[in-house]
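Dear colleague,

I am passing on the structure below, and I would be glad if you kept it open while you read the notes that follow.

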Amino acid sequence: MSGWPLGVAALAQAFRAGKDDPVRALARARAAAEKGKGDHAILWKVEEAEREAEASRARHADGAPLSPLDGVPLVVKDCIDVAGYPTTNGTRFLMAKVAKDAALVARLRAAGAVIFAKTNMHEFGCQPTGVNPHYGTPVNPWDPDRIPGGSSAGSAVSVASGIAPAAIGTDAGGSVRMPATLCGLVGFKPTFGAVPTDGCAALTRDLDHAGPLAWTVEDATLLFEAMAEVKVDRGLRPARVALLTDFLEGADPAVVETVRAAARDAFGALPEERTPCCAWAAAVEFVVVGSDASALMADLLRDHAGEMGGDARTILQLGGGLKAADRAKADALRAGMRRELDALCERYDLLIGPAAGTLAPPLHPTARRTGELDTHTMARLAAVTFPTNLTGHPSISVPCVPAGSAAQPVGLQLIAARGADAMALAGARAVEALRGPRRPPRWWGP
Amino acid sequence: MHLPVPAPPIRGPLLWLVSRLTSVGFLRDLVLLKVRADAGIPKMPFPDALPAARVEGKP
């Protein structure tokens, strides 16, 4: 889909051919951000971007771009440090400017990318809905009355509504893949540790990942290569693929039908596998996130509880009450989940399931103002993304609604062996070749 | 997937109230009893008690 007007690969190609340049691309992104400012996707405008775009334009004019990302305007979630700006983590009180870029931002800038804005998110990234009562909830461009997905909500909405060619988010339970899915984008959570998270605000001790949200798998691959400092083998072809039936149980019929059809079209008739440990992912994630987050944010809770949204405050407080026995059992199940997926990945190149258990749920008017705590809906939505945060396996969500359909977005999730990020991307390419991206009705881009 | 039992969403003034109540230790523990039960946390098995991942069907 290199013809997509605002994609990373398409822009890089236009820069190389001299048909476009980074200064004009940034100006278009700024204009789109201005048109879409009522959508609450952007929190901070990064002022250095214009100067960086001019430097990039000079490099292109000299025929010496730093990488395919040189001059591409990007946005990053506001839990990722950008020097000279606050890292609010979706709150109203973390306003101190940070001195240093996060490691992944430094790598993107070293590749020539132009970070031009920081994006809105669910407070602390503690839920997958994207609802933010402090800054307004980013508007889902497919349906303003539905949640955008989170916690990287502003990153997803920025891309899906035509403001940015691609974005960076973080993911401790689906927070890249969930908003990508509900906004009709590709979302990639690489193997744990493949992309450095130094300089990213942590929700947990060891579930947090960083990854790209993009229009195409190639765009996500280019961003992953820069952030992980690796070269992805684009010649891989997945041969052994299985469908995870536990991931389909409890999902909306429309999701199940769409995912099964896309998997069949891309890979043929598939064997079906059960994952009895991963089936407990929702309970395990609640315990691990609750206990980790309450410990990591104990000082913030002590000093700023009254300034927090009701849902974030309640989750942190309840997490502090979980017992050591709950955590021990959750850790044992988590180890079982890792063994389970490792064993399946020895037999298969890819494991397939839905990337969200439901279509984007409705956004209640009161929730817009106050936030919301809805554990059942949250688990129905994200139980399928939790497992790979708990195990560290790479997982990618790719849109799988047929082109030309006006249906709400559905994402197909592909999981590969730990370290086999290239295989996950290869599988997503196979799905994308049949389905591809669709532009939503709400669009601010050129 | 094992999912929490359906429960009404908490939002608006009720969410404000719950966020204040759960800042008090014993009230937090009372609320947590229900949240743990709804989420199935007490029912989490040890992995040894579960069947190994298995093939359901072949193409």
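In this predicted model, 57 residues of chain A are in contact with 42 residues of chain B, where contact means heavy atoms within 4.5 Å. The area buried between chain A and chain B is about 4100 Å², and carbon and sulfur atoms give 67% of that area; buried area is the accessible area (1.4 Å probe) that two parts lose on being put together, summed over both. On the side of chain A, the residues that lose the most area to chain B are Trp280(A), Leu318(A) and Lys329(A), which together make up 17% of what that side buries.

Across this interface the rule finds 2 salt bridges, a salt bridge being a side-chain nitrogen of Lys or Arg within 4 Å of a carboxyl oxygen of Asp or Glu. Arg11(B) and Glu372(A) meet through their side chains in a salt bridge, at 2.5 Å from N to O. Arg11(B), in S1(B), is also the bridge partner of Glu372(A), and S10(A) pairs with strand S1 (residues 10-11) of chain B in the antiparallel sense over 2 bridges. Strands (E, at least two residues) are DSSP runs, numbered from the N terminus, and two of them pair if DSSP finds at least two bridges between them.

As for conventions, residues are numbered from 1 along each chain as its sequence is written, while chains are lettered from A and ligands numbered from 1 in the order in which they are written. Local features need pLDDT of at least 70, side-chain atom pairs count only at pLDDT 80 or more, and totals for chains, interfaces and linings use all residues, while side-chain values use heavy atoms, with hydrogens and water left out.

With best wishes

Definitions and conventions: Helices (H or I, at least four residues) and strands (E, at least two) are DSSP runs, numbered from the N terminus.
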